[in-house]
Amino acid sequence: MAVEMLYEKDVTTNYLQGKKFCFVGYGSQGHAQANNLRDSGYDVTVGVRPGASFEAAKRDGFDPKPVAEAVKDADVIQMLTPDEVMAEVYKNDVEPNMKKGATLGFSHGFNIYYKEIVPPADSDVIMMAPKGPGNLCRRTYKEGFGVPALYATYQDVSGHAEDKAKEFAKGNGAARAGLLKTTFKEETDEDLFGEQNVLMGGLTALIETGFEVLTEAGYSPELAYFEVQHEMKLIADLIYEGGFEKMYNDCSNTSEYGSYAVGPKVIGPESKQAMKDALKRIQDGSFAKDFMDDYHNGFKYLYSQREAMKNTKLSQVGRELRARMPFVADDDKYSTPEA
């Protein structure tokens with residue numbers, strides 16, 4: 001079913017006007033949303049634990065407070081800590097201190113969908129999920145534009161929860177680019193599926209495997225890196241700008257022919273079945289359980305895989321080559337989200 005795209009002209013209510021916002025967390029999304037909402041004229045407080053994010057909020061002109069203190073006067077509480085710690089922060093610092101009827105907001109449905117957080121019965125529960133990383137949300141806002149966002153409601157006590165979600169998105173600059181209505185279930189299922197199977201898990205596995213095939217066949221690791229990883233951004237940019245059609249139009253007939261002939265053999269029936277299996281595990285909660293179990297076990301699996309990734313030949317070659325490419329910048333100073 002088609003979903004209507006909304007823009008600034010379509011968001012005409014003002015239920016958040018004059019309300020006090022508290023952003024719990026000041027990482028990638030936290031810093032972007034807090035600054036965007038403040039620049040849009042809203043009263044913004046940041047609740048965060050002592051540490052790098054606390055200092056970052058101070059540098060950006062906020063007066064950050066401990067979460068338990070920051071949420072007390074807030075009319076809208078936006079939860080932007082990492083998924084794995086959000087329920088703890090909510091239970092220990094937010095729930096005992098939020099005022100009756102305060103709106104609870106999220107940018108990802110994980111904790112609500114899997115019932116890690118059970119919100120108060122008297123609160124509107126909304127979602128405003130930008131479809132882009134925090135630094136991009138902030139940069140495009142300052143440039144007078146924004147990134148598209150999804151909006152949703154989980155509880156509508158006031159009768160205006162959907163309007164609040166759209167107004168929140170407008171204040172974040174997202175309505176300049178477009179808003180799409182979703183549900184907490186749909187957003188969570190699709191977001192996790194996309195990350196695991198295409199955008200991150202599938203993409204990185206494809207790059208790593210391509211690198212291994214070339215180098216094991218005796219080809220230069222440096223040239224293999226450029227072929228399977230460096231150029232990925234260039235192709236992705238073309239797809240972003242104009243879909244597959246623009247990408248193929250801007251590339252050679254040889255590459256287009258090879259793409260049609262070989263691509264479906266690499267990503268064939270076995271890969272599709274693996275994606276279906278992954279979606280089922282997302283839908284039935286198996287993935288969420290494994291993820292949270294690993295978190296409670298000290299993230300042994302996550303950290304071991306992270307360390308292994310850092311030590312692959314591809315990662316080593318990539319670090320050496322990028323060090324010689326000054327045009328490749330890493331300016332994501334808010335890349336580590338904290339509560």
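User: What makes strand S1 (residues 20-24) count as mostly covered?

Analyst: Four of the five residues of S1 are buried. Buried means under 20% relative accessible area, exposed over 50%, and partly exposed in between, with a 1.4 Å probe and protein chains only. Strands (E, at least two residues) and helices (H or I, at least four) are DSSP runs, numbered from the N terminus. This is a predicted model, in which local features need pLDDT of at least 70, side-chain atom pairs count only at pLDDT 80 or more, and totals for chains, interfaces and linings use all residues. Residues are numbered from 1 along each chain as its sequence is written, and side-chain values use heavy atoms, with hydrogens and water left out.

User: How do you know that S1 and strand S2 (residues 43-47) pair?

Analyst: Two strands pair if DSSP finds at least two bridges between them. S1 and S2 have five bridges, in the parallel sense, so they meet that definition. Phe21 stands opposite Val44 in S2.

User: Which strands pair with S5 (residues 125-130), and in what sense?

Analyst: Strand S4 (residues 103-106) pairs with S5 in the parallel sense over three bridges, and Gly105 stands opposite Ile126 in S5. Strand S6 (residues 149-155) pairs with S5 in the antiparallel sense over six bridges, where Ala129 stands opposite Leu150 in S6.

User: What makes S5 mostly covered?

Analyst: Six of its six residues are buried. Val125, Met127 and Ala129 point one way from S5, while Ile126, Met128 and Pro130 point the other way.

User: Why are the buried residues of helix H13 placed on the same side of H13?

Analyst: In H13 (residues 286-296), Ala288, Met292, Asp294 and Tyr295 are buried. They cover an arc of only 155° around the axis, so they lie on the same side of H13. The arc is that of the directions from the helix axis to the C-beta atoms. Their cover includes helix H4 (83-94), helix H5 (110-113) and helix H14 (300-310). Just after H13, Gly298 takes a positive phi of about 80°.

User: Why is Ile267 called partly exposed?

Analyst: Its relative accessibility is 46%, and therefore Ile267 counts as partly exposed. Ile267 is in the loop between helix H11 (253-266) and helix H12 (269-283).

User: Which residues form a nonpolar patch on the surface with Ile267?

Analyst: Leu206, Val262 and Val266 form the patch with Ile267, and together the four have about 340 Å² of accessible area.

Terms used:
Patches are made of residues with over 30% relative accessible area and no salt bridge: like charges are joined within 9 Å, nonpolar side chains (Val, Leu, Ile, Met, Phe, Trp, Tyr) within 5 Å. Accessible areas come from the Shrake-Rupley method with a 1.4 Å probe; for residues, only the protein chains shown count as cover. A salt bridge is a side-chain nitrogen of Lys or Arg within 4 Å of a carboxyl oxygen of Asp or Glu. Contact means heavy atoms within 4.5 Å.
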